[in-house]
Each structure stands twice: as C-alpha cells, then as structure tokens.
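Reader: I am new to this structure. Could you show me how to read its features, one at a time?

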Amino acid sequence: MTDYPDPLSGSAQDETRDLRPKFNAEGLIAAIAQDAGTGEVLMLAWMNADALAATIETGRATYWSRSRQTLWVKGETSGHVQQIVELRIDCDQDAVLLKVNQTGGACHTGRASCFYRIVEDGGRSLSVAKD
C-alpha cells in the first residue's frame, strides 16, 4: 500500500502544500469525476491510497471497487477511459476531483453521466433527465 503523510490538524491541513489525503475509516477517499471540457459531473467513486497513487502515476482514473475489493482502472474492460486532465483535492483533503477527458459513457448503464435522474414530487419520484 502507498504511504502518504498523515493529515495535519485543523487549519494546517487546509493550508499545507503537501498532499496529505484524509482517508475514511475504511481507507477510502471520495473521488468525483468531472468532464474537463463541459464541467458536467460524471460519477462518484472511491479511491484507496493505491488507486490515488496509480491515478497520479498513470494519468488514468483508477478507483477502488468496494464490491470486488480490488483496484479498477476505468475503461479497462469497457473502453470508456477517463484520461486525467487535472487532479484536485478539496480543502481538508478528504475528497478528490478528477477533471477528465471521457471516452464513451462514464456510467455503467452506458449513459454519459451517472447523474441522469432528477428527484421530483417532494422526493417521492424520479424522472430521467432529457440531456
């Protein structure tokens, strides 16, 4: 497993110039993929330390599959690759944002984005976005 320095306390973590990801109790960090050209949010997945390191090293989005308990390189089997354009981390370093060039659909359903449903009727129903 890749070792990153431990997170710092309080505002020191917010201002450090060192990558010090704050993984949750399961050793994961939220990873949001966003289309680098349009800004559309494509998907949310999870990374462990090895997935984050592989993403940085290869320039291809690599995630941790919670269901399969293994690393998952986006597009490895589907061909729907996410090439990293820019990698950002939020203020306290507990979430990463991957700005990507997406080949094919980002969602396992084949859709461009995993966020294709709209919550309506006071939260009682869902509709499918027209875009």
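This is a predicted model: local features need pLDDT of at least 70, side-chain atom pairs count only at pLDDT 80 or more; totals for chains, interfaces and linings use all residues.

Reader: Where does Q13 sit, and is Q13 buried or exposed?

Author: Q13 belongs to helix α1. Its relative accessible area is 2%. Buried means under 20%, so Q13 counts as buried.

Reader: Which residues are in contact with Q13, leaving aside its neighbours within four places in sequence?

Author: They are P7, L8, R20, C91, D92 and Q93. Keep D92 and Q93 in mind. Both come back below.

Reader: Where is Q93 found, and is Q93 buried or exposed?

Author: Q93 is in the loop between β5 and β6. Its relative accessibility is 4%, so Q93 counts as buried.

Reader: Which residue in the loop between β3 and β4 can I read the same way?

Author: Take Q69, which lies in that loop. Its phi is near 55°, again positive in a residue other than glycine. Its surroundings read the other way. Q69 has a relative accessible area of 54%, so Q69 is exposed.

Reader: Now charges. What is the general idea of a salt bridge?

Author: Side chains of opposite charge can pair when their charged atoms come close.

Reader: How many salt bridges does a search of the whole structure find?

Author: Five. One of them joins K22 and D92, with the closest N and O atoms 3.9 Å apart.

Reader: Which residue forms a salt bridge with K99?

Author: E86 does, with the closest N and O atoms 4.0 Å apart. K99 is in strand β6 and E86 in strand β5, 13 residues apart. K99 is partly exposed at 21% relative accessibility. E86 is partly exposed too, at 33%.

Reader: Which residues are linked with E86 and K99 in a network of salt bridges?

Author: R88 joins them: E86, R88 and K99 are linked in a network.

Reader: What about the salt bridge of R124 and D121?

Author: Their side chains meet at 3.8 Å, N to O. R124 is exposed, with a relative accessible area of 65%. D121 is partly exposed, at 47%.

Reader: Which residues are in contact with A51, leaving aside its neighbours within four places in sequence?

Author: T62, Y63, W64 and L71. Look at L71. A51 and L71 are 20 residues apart in sequence, but their C-alpha atoms are 6.4 Å apart in space.

Reader: Last topic: pockets. How is empty space found?

Author: Rolling a probe the size of a water molecule over the atoms shows where empty space is left. Here the largest pocket holds about 530 Å³ of space.

Reader: Which residues lie nearest the centre of the largest pocket?

Author: M43, R68, W72, K74 and H108, out of 23 lining residues. The lining divides into 11 nonpolar, eight polar and four charged residues.

Reader: Which strands each supply at least two residues of that lining?

Author: β2 (41-47), β3 (62-65) and β4 (70-73). β2 gives the most, with four residues.

Reader: And how much space lies in the second largest pocket?

Author: About 150 Å³. Its lining includes E40, R111, F115, Y116 and D131. By class, the lining has five nonpolar, one polar and three charged residues.

Key: Residues are numbered from 1 along each chain as its sequence is written. Side-chain values use heavy atoms; hydrogens and water are left out. On a 1 Å grid over the protein atoms alone, a cavity is a set of points where a 1.4 Å probe fits but cannot get out, and a pocket is an open set with protein on both sides within 12 Å along at least five of seven lines; lining residues have an atom within 4 Å of a point. Grid points are joined across faces, edges and corners, and a volume is the space filled by probe spheres set on the points. Ala, Val, Leu, Ile, Met, Phe, Trp, Tyr, Cys and Pro count as nonpolar, Asp, Glu, Lys and Arg as charged, and the others, Gly among them, as polar. Buried means under 20% relative accessible area, exposed over 50%, partly exposed in between (1.4 Å probe, protein chains only). Contact means heavy atoms within 4.5 Å.
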